[in-house]
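Open the model in your viewer and keep the sequence panel beside it. This tour tells you what to select at each stop and what you will find there.

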Amino acid sequence: MTMSVEQLWSLPETALVGAYAAARRRYAEKKFERDTQRARLEWMRAKLFVNTQGNVTERRMAVDVSEELARKGQEVREMTRDLDMLKIEIDVIDTMIRLRGGHGAPPVHAEETAEQPAEPEGE
């Protein structure tokens with residue numbers, strides 16, 4: 001996390017919402033980057049499988065033992081871990097906003113009661 005929970009709690013509400021927006025932006029960028037790397041890895045696996053000689057089992061073994069693909073797979077796993085850490089940061093900031101009573105989503109039961117028509121009195 002870029003800030004401790006105590007620092008987040010002491011931020012003004014506008015700064016907290018700004019930190020939330022920045023964290024969401026970083027999350028979207030990192031997720032796009034990770035998904036792109038994941039797709040490249042799948043493409044490399046498919047390309048190696050097609051270009052390798054032998055039967056299906058031999059081709060799969062060639063893909064499984066490829067050191068380059070193993071390195072790429074490890075990079076994707078590390079990117080996934082970083083993405084999970086960003087998601088935790090977003091969740092913490094969201095919790096801070098909700099605990100302060102800020103601009104969080106209203107509870108469902110409040111919306112339901114607001115939509116019900118008022119009963120006429122005295123009847």
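This is a predicted model: local features need pLDDT of at least 70, side-chain atom pairs count only at pLDDT 80 or more; totals for chains, interfaces and linings use all residues.

**Stop 1: helix α4**

Select residues 67-99, which make up α4. This helix has 33 residues. From first C-alpha to last it reaches 48 Å, close to the 48 Å expected at 1.5 Å a residue.

Now colour the buried positions of α4. They are Leu69, Gly73, Val76, Met79, Leu83, Leu86, Glu89, Ile90, Ile93, Met96 and Ile97. What do the buried residues of α4 pack against? Show α1 (5-10), α2 and α3 (56-64): these are the packing partners.

Step past the end of the helix to glycine 101. This residue follows α4 and has a positive phi, near 80°.

**Stop 2: the largest nonpolar core**

Select Leu8, Leu11, Leu16, Ala19, Ala23, Ile90, Ile93, Met96 and Ile97. Together these 9 residues form the largest nonpolar core. Two elements, α2 and α4, each give two or more residues to this core. The largest share comes from α4, with 4 residues.

Centre on methionine 96. Leaving aside neighbours within four places in sequence, methionine 96 is in contact with Val5, Leu8, Trp9 and Leu16.

**Stop 3**

Is alanine 22 buried or partly exposed? Alanine 22 counts as partly exposed because its relative accessibility is 25%, and the cut-off for buried is under 20%. Draw a distance from the C-alpha of alanine 22 to that of isoleucine 90. The two are 68 residues apart along the chain, yet their C-alpha atoms are separated by 9.3 Å.

Move along α2 to arginine 34. Arginine 34 is buried, because its relative accessible area is 8%. Which residues does arginine 34 contact, leaving aside its neighbours within four places in sequence? Show Val76, Met79, Thr80 and Leu83. With threonine 80, the arginine 34 side chain makes a polar contact, side chain to side chain, at 3.4 Å.

Next, pick glutamate 75 in α4. Glutamate 75 is partly exposed, with a relative accessible area of 38%. Draw a C-alpha to C-alpha distance to leucine 41. The pair is 34 residues apart in sequence and 10.0 Å apart in space.

**Stop 3: salt bridges**

Side chains of opposite charge can pair when their charged atoms come close.

- Select arginine 45 and glutamate 42. Their closest N and O atoms are 3.3 Å apart in a salt bridge. Both residues lie in helix α2, 3 residues apart, about one turn of the helix. Arginine 45 is partly exposed at 33% relative accessible area, and glutamate 42 is partly exposed at 43%.
- Select glutamate 67 and arginine 71. This salt bridge also has its closest N and O atoms 3.3 Å apart. The two are separated by about one helical turn, because they sit 4 residues apart in helix α4. Glutamate 67 is exposed at 60%, whereas arginine 71 is partly exposed at 48%.
- Select aspartate 94 and arginine 98. The closest N and O atoms of this salt bridge are 3.1 Å apart. Both residues lie in α4, 4 residues apart, about one turn of the helix. Aspartate 94 is partly exposed at 22%, and arginine 98 is partly exposed at 44%.

Terms used. Residues are numbered from 1 along each chain as its sequence is written. Side-chain values use heavy atoms; hydrogens and water are left out. Buried means under 20% relative accessible area, exposed over 50%, partly exposed in between (1.4 Å probe, protein chains only). A polar contact is a pair of N or O atoms within 3.5 Å; within protein, one must be able to donate a hydrogen and the other to accept it, and residues adjacent in sequence count only if both atoms are side-chain atoms. Contact means heavy atoms within 4.5 Å. A nonpolar core is a set of buried Ala, Val, Leu, Ile, Met, Phe, Trp, Tyr and Cys residues joined through side-chain atoms within 4.5 Å. The expected span of a helix is 1.5 Å times one less than its number of residues. A salt bridge is a side-chain nitrogen of Lys or Arg within 4 Å of a carboxyl oxygen of Asp or Glu.
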